[in-house]
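Here's a quick briefing to read alongside the model. Have the sequence and the 3D view open, and we'll go topic by topic.

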Amino acid sequence: MNYLYSTFHIRHSIFYIPIILLFLFLAPSVSAAISFQETIVDSGTLTDPWGKGVGDLDGDGDKDLIIGAYSGGGLVWYQNPTWTKRQISSGTFSTDVESSDMDNDGDLDVIAVTGSGTSLYRNNGSGTGWTSSVVANRVMHDIELADFNRDGKMDFVTRNQGGDGNRGYLYLQGSNLVFSEQSRSDLSAGEGLLVKDLDADADPDIILDQIWLENNGGALSTWPKHAYVNSWHTETFIAACDMNLDGRQDIILSPSESAGGMHRISYFRSPIDPKSTGWTEIIVDANAETVHHFVGCADFDRDGDMDIASAEMQQGTDPDEVNLYENQGNNTAFTKVVISSGGSHSMRIVDTDGDGDPDLFGANWSGTQPVKLWLNNSSAPKLTLDSWTYINADNSRANQKFGLNAKDITGDGYFDIVSGQYFYKNPGSTMTGTWSRTAFPQTNLDALLTLDVDGDSYGDVIAMNGNGQVYWLEAANTLGSSWTQTLIGSLGTADEGISSQGYLSAQLKSGGRPEIIINVPGKLAFFEIPTNPAAGNWPQTTITSVITSEPEGVAAGDIDKDGDMDVASVVNGTQVAWWSNTEIGGGTWTQHNLGTLPSIYGDRFGLADFDGDGDLDLAATVANGSANGVYWFRSPTNPTSSWTRTTLLSGSTNPAVDTMNSMDVADMDSDGDPDIVTAEHRGNQRLFILENSGTATFTVHTISTGIENHLGARVFDLDSDKDLDIIGIAWDSYQNLHVWRNNAISGSVLPTPTSTSTPKPGDANGDGKVDFIDYAIWRLHFGQTTANGATDGDFNNSNYVDFVDYAIWRLNFGT
């Protein structure tokens, strides 16, 4: 909820670029697209309502509101939807309240900062009875919860404010809800604390006002400090989210203390390596009074990008505004929208009415104050699912393949496609132009996955051949026109002598980059990306060896809610199972059978909360059997017991379907719930979207007929227009690569493609510079015949690398 300070000396200055946005008006008006309804939850029964929290305390599936009052009223919660006030405890409560299942009994408990320390209130299961215990005796201002040591038990970190803010305290949970304290005293005076996994290594880090502390698994005092800004206001409220949708957490700061001062609200864009000094400051509001004791981020207007909310405390210069900064789509320009002129303090962003858009909850801190809820009425209209343009991206593919994926390989804002032995460059604009094709180094390779392996600007692909060997392919330039390969290991076999029909990447282990999961006969396994991936021989772990025949699709998600990613698939045709991850609690991967499909062969699988009850359910398809179709399994409270199967499509439904070898799960209509995209391999060869109502009842939309999909129907936003497009490949008609462009959002401003012209003369690696790296490439290939042109140092395209090419390099060196 806030942050900490650092007194350490930064040896090198932090390079950041403040971008001042000229969007703030003297009298901002509410945009027609944004509408909030202010609701009084409690008209004034609490005095000094300092602490705010949210959580489903009664276990009914919706979010309740929690308030801790400092001077009168105690700790209470308001039951959604009637907002009946219920007492947790009497006493004095300070500025922060959090909820989590602290005792692992299946319900949410409450932990609150009190006037004398920190107390835990254990829930009896319905929110009507509570057992309290003091878990820390230090007076604090902020508290954040996380499983810092990944042992399956919730811990917490705290920090005070002002001069006492120079210390941070970490409390690790042991047995019997006893917490051991760690501390460090090298933090600057001030306030603010937030917990997020900034380095994407699956453990929680701590964010402060100018630095963040990297969780290294050791004592708090040993956590490395990394600066993301040179200097900032010392009393700060912090939020974090992926503002520019690049997969990395950005940091948002507002000045929280004291009245009369002026500073700014900014977000700091994370570089590829968040431990580096390359953070970029984007100024959101250049004239913010230093009373913004709340800042947060969410997609409030449901347009696909992240907006920012803030609130001024009551002691500020009137009017005390609650504001929304509406992202204009480029993540650097925001329009200020005033939601309220009554102010608020330590607000929470929460969807209280379950309509898929974020609401705001809060109260002013001093005196007898009403508790308010601002209901968001500005949900973007649901996107249509019935407006598509079919594009045949390739009709001359050489072989039957299983691999299909997409990512922006070239950095131009458009997703490119990898499939089989080919890389396809997105033509941009309407995507109806030529998808230029580049072959990978081996014709028998099958490109399965795209992910960032080594943190550089060149695209990475994971591919597999028919012998079970797995390769890391890396683009030799930013254009993706040439690729290198590194053997990372072997699985010993391949499905159908091609590759794998079940593959994905997921963060199975804490630390490092995501793992690579591949399913082949007799082995469901994953590779870890090592520190030096170019050395090859990546660590490999077998999850299970029981899938001896028909190894099909794989899904990953935290099924048992223990903080790590589990894996689900099918065992030998019909038995659907999931394997609990050993990252939390240790041991071996354990198989849990969740149910059976009505016939062979279980094919595609996807995990999502289809019924909106807060746990992961499973969608599955059946292909090439007697009960082809689409099914979903509802997760029970205890996911290790049997799940309930429901038929969505089959040979006897309307529409009746044939063999279903393709499926993906995504929110296709932007209404906040997961839909299912699926397609037929045989029969009428239709592509369907199953539109979810939010409670796992589905409406079928037919997108196309007569176009085969086999391991297709994959979903990506290829053109960055904020609706999801679909790509597909086939088995019988393997020559084709399919693209369905979604036209639900029309008139969107598409990114301008980066030029794909040949690199400048003398630039062998395509990085836009002519330097000694290019000389080394020329020297390596000197005297050789080549058809690769500049990428091998043949700068005059003579098909021979000689001193003429050296002269071209020398002439352009340093440009």
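Where is the place of S258? S258 has its place in the loop between β19 and β20 (262-269), with strands taken as DSSP runs of E of at least two residues, numbered from the N terminus. This is a predicted model, so to speak with its own ground rules: local features need pLDDT of at least 70, side-chain atom pairs count only at pLDDT 80 or more, and totals for chains, interfaces and linings use all residues. Residues are numbered from 1 along each chain as its sequence is written, and side-chain values use heavy atoms, with hydrogens and water left out.

- As a reminder, most residues other than glycine have a negative phi, and most peptide bonds are trans.
- E257 and S258 are joined by a cis peptide bond, with omega at about 0°.
- Another cis peptide bond runs from D318 to P319, with omega near -5°; P319 is found in the loop between β23 (307-311) and β24 (322-327).
- R150 isn't a glycine, yet its phi is positive, at about 55°. Look for R150 in the loop between β10 (142-146) and β11 (155-159).
- R150 counts as buried because its relative accessibility is 13% (buried means under 20% relative accessible area, exposed over 50%, partly exposed in between, using a 1.4 Å probe and protein chains only).
- L711 is also not a glycine and has a positive phi, about 60°. L711 is found in the loop between β53 (698-704) and β54 (714-716), and is buried with a relative accessible area of 4%.

- Strand β18 (residues 236-241) is mostly covered, with 6 of its 6 residues buried.
- T236, I238 and A240 point one way from β18, while F237, A239 and C241 point the other way; all are buried.
- β18 and strand β19 (residues 250-255) run antiparallel and are joined by 6 bridges; two strands pair if DSSP finds at least two bridges between them.
- I251 in β19 is the bridge partner of A240.

**A four-strand sheet**

- An open sheet is formed by 4 strands in the order β38-β39-β40-β41, with antiparallel pairing.
- Its edge strands, β38 (502-506) and β41 (540-544), each pair on one side only.
- From one strand to the next, the twist averages 25° (axes are lines fitted to C-alpha atoms, and angles run from 0 to 180 degrees between N-to-C directions).
- β38 pairs with strand β39 (residues 515-520) over 5 bridges in the antiparallel sense, and G502 stands opposite N519 in β39.

**Around D664**

- D664 has its place in strand β50 (residues 662-666) and counts as buried, at 19% relative accessibility.
- The D664 side chain reaches the backbone nitrogen of V715 at 2.8 Å.
- Leaving aside neighbours within four places in sequence, D664 is in contact (heavy atoms within 4.5 Å) with D675, I676, V677, A713, R714 and V715.

**Rings**

- A search of the whole structure turns up 22 aromatic pairs, where rings of Phe, Tyr and Trp (its six-membered ring) pair if their centres lie within 6.5 Å.
- Y228, W232, F268 and W279 make up one aromatic cluster.
- R437 lies over the face of Y422, 4.0 Å from the ring centre; a charge sits over a ring if NZ of Lys or CZ of Arg is within 6 Å of the ring centre and within 35 degrees of the ring normal.

Note on methods. Phe/Tyr/Trp six-rings, centres within 6.5 Å; stacked < 30°, edge-to-face > 60°. Polar contact = N/O pair within 3.5 Å; in protein donor to acceptor, adjacent residues only side chain to side chain.
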